[in-house]
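The following report concerns one structure and its local architecture. Please consult the sequence and the coordinates alongside the text.

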Amino acid sequence: MFPNQALRPIEVLLVEGSPSDANLNIKSFLNAQIANNLHRVEDTESAMNYLREQQEFTNVPRPDLILLDLNLPGMGAKC
């Protein structure tokens, strides 16, 4: 950490289509007791909108970490 950097929760974007896999990730973050703000989207299009701050994702925080489900439909076309 840089000396002048204020302590703040990390911003995490979880891109996960499976509710059970998303819940596993969420529980892992809770158990780790790491200060974070976890934001979840379910598909590739929503993830791109989040990162571009488009549609319902205006003024969202920029993620420090992105957890990406590589098995999402449409990933090959978007990468």
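## Helix α2 and its ends

Helix α2 is followed by Glu 53, whose phi is positive, near 55 degrees. Helices here are DSSP runs of H or I with at least four residues, strands are runs of E with at least two, and both are numbered from the N terminus. The model is predicted: local features require pLDDT of at least 70 and side-chain atom pairs pLDDT 80 or more, while totals for chains, interfaces and linings use all residues. Residues are numbered from 1 along each chain as its sequence is written, and side-chain values use heavy atoms, without hydrogens and water.

Within α2 (residues 44-52), the buried residues are Thr 44, Ser 46, Ala 47, Asn 49 and Tyr 50; buried means under 20% relative accessible area (1.4 Å probe, protein chains only).

## The nonpolar core

The largest nonpolar core has eight residues: Leu 13, Val 15, Val 41, Ala 47, Tyr 50, Phe 57, Val 60 and Leu 72. Such a core is a set of buried Ala, Val, Leu, Ile, Met, Phe, Trp, Tyr and Cys residues joined through side-chain atoms within 4.5 Å. Two or more of its residues come from each of β1 (10-15) and α2.

## The sheet

Three strands form an open sheet in the order β2-β1-β3, with parallel pairing; strands pair if DSSP finds at least two bridges between them. Because β2 (36-41) and β3 (65-68) are edge strands with a single partner each, one side of each lacks a neighbour in the sheet. The parallel strands β1 and β3 are joined by four bridges, and Leu 14 stands opposite Leu 67 in β3.

Methods
Buried < 20%, exposed > 50% of the residue type's maximum accessible area, 1.4 Å probe, protein only.
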